[in-house]
Amino acid sequence: MFNYIKGVPAIRANNLVLVPNSTCNNLVLVRKYPCDNLVLVRNMKRKIENKLLEWKINNKGKNALLIDGARRVGKSFIVKQFAENNYKSYILIDFNEVGKEIENLFDMNLRNLDSFFMYLSAAYNVKLYERESLIIFDEVQLCPRARAAIKFLVADGRYDFIETGSLVSIKKNVKDIVIPSEERHIKMYPMDFEEFLWAKGEELIMPLVNDCFKNRKPLGQAMHRKVMTLFREYLVIGGMPQAVKEYVESSDFESVDLVKRDILSLYRSDIKKYAEGYESKVESIFDEIPAQLSKHEKKFTLSALRKGAKFRNYESAFLWLEDSMIANICYNSTDYSAFKMYMADTGLLISHAFDEKGIVSEEIYKKLLFGKLEVNEGMIFENIVAQMLTANDRRLYFYSNPSRNDKDDRMEIDFLLAKSKTTNRHNVSPLEVKSGKRYTLTSLKKFRAKYSEQLDESFVLHTEDLSQKDGITYLPVYMTCLI
């Protein structure tokens, strides 16, 4: 969000302004708009802004940008913020709110784009500047004709175009249109740990963490304890911007939980609205995710849905949840029909899992913060690792061999990561996730012995500081995003 700052001393340099940031007691660099004497201060930064800026600079109007993401991850907010900071003017067409006269423009005026743009400019009272203005189609799935029009609007070349929408609903509303090849897709995920730190005014922590990771050196007891405390906050609050904002402003766990429950209710409504033909299957899978993750062996058991259930009968429902970016699926590297299913946001998982009284109590939140919850911590830590890997565009795989004949072959590895560039040897990194201080590494040691020729660096993600021993790198879990 932005706050208007009036009467605050500021250091001005051309179009940029340094102003005091009350949340972190330091100076923040912001952009002063040429059309406004007020200065806007950014409280919640998102890394996707860098991708948007790269697109603007390098694309030069050759493609429209379509931002895919789950509901409530902040797509509309970030695009509006990007427009305000990087264009002379912009028009945001929210198809949740527009009347028929705007929708009809996409039927009547596309052969006369001069008239089309003049009408838009007048309707929104915004002057458009060639190559200096952005037009945003927000919730574009609600007006498929507008999405189809991208082909002609991009070819015209006068302005830049960004579309936002939920991936599932975007896919649904394409029956009667030709999908424009002029779209470039990027995915938007919940806020990551560094973005959460920024929201709390902790700007300097991740550069230090990154340096320690690169040099494989520990942070030291005091700093590790501080970062781990902040990470546990992120773990329980999650990365949905509304929840993070509520937490930063109120520090009230029950208020945060209500925000997250509103989002979960929205997801349930989406399932009923968009999962046509198999909504009951999608809903039953969605409800079963916490129970499946709380098991010692977290593979999704189809019989929990219905006795005798077959994967082929539920495959579309599982893929719907993955496409919606509500859930992340982790596949067995040796058996595609065996998989684990995680919530895309761990904060939402906590509200989804601990709902006996309709709201997660402050007591449970505090137990999670201080590592005092005796059950279910394993599923929460594994879920956050899946979330962090997915946000880094990693496909999720695990290894499982439940052999009954040979105990040396019986093992399970939580995650497998492939190197970006494969070679003849040493291409795969095994990751084991440990939420407690006492644990064994039986499976990892057997896996390393059996597949030594194929393995790159081996990692254990745990709650302690960084260390290395016997060929294994032990990382604090907050370093997952750096692997």
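Modeller: Buried means under 20% relative accessible area, exposed means over 50%, and partly exposed lies in between, with a 1.4 Å probe and protein chains only. This is a predicted model, in which local features need pLDDT of at least 70 and side-chain atom pairs need pLDDT 80 or more, while totals for chains, interfaces and linings use all residues. Residues are numbered from 1 along each chain as its sequence is written, and side-chain values use heavy atoms, without hydrogens or water.

The residue is His 462, which belongs to strand E17 (residues 458-462); strands (E, at least two residues) and helices (H or I, at least four) are DSSP runs numbered from the N terminus. His 462 counts as buried because its relative accessible area is 4%. Its side chain makes a polar contact of 3.0 Å with the side chain of Tyr 439. Such a contact is a pair of N or O atoms within 3.5 Å; within protein, one must be able to donate a hydrogen and the other to accept it, and residues adjacent in sequence count only if both atoms are side-chain atoms. The His 462 side chain also reaches the backbone oxygen of Asp 465, at 3.4 Å. Leaving out residues up to four places away in sequence, His 462 touches Lys 434, Tyr 439, Tyr 474, Leu 475, Pro 476 and Val 477, where contact means heavy atoms within 4.5 Å.

Thr 463 and Arg 225 are 238 residues apart in sequence, yet their C-alpha atoms are 9.4 Å apart. Arg 225 sits in helix H9 (residues 221-237) and is partly exposed, at 46% relative accessibility.

Next, the cysteines. Cys 143 is buried, with a relative accessible area of 1%, and Cys 330 is buried at 0%. The whole structure has zero disulfides, a disulfide being a pair of cysteine sulfur atoms within 2.5 Å.

A cavity is a set of points on a 1 Å grid where a 1.4 Å probe fits but cannot get out; lining residues have an atom within 4 Å of a point. The lining of the largest cavity includes Tyr 189, Asp 192, Asn 328 and Gln 387. Helix H16 (residues 377-391) gives the most to this lining, with four residues. By type, the lining holds seven nonpolar residues, three polar and one charged.

Key
1 Å grid on protein atoms, 1.4 Å probe; cavity = no way out; pocket = protein on both sides within 12 Å on 5 of 7 lines; lining within 4 Å. Nonpolar A, V, L, I, M, F, W, Y, C, P; charged D, E, K, R; others polar.
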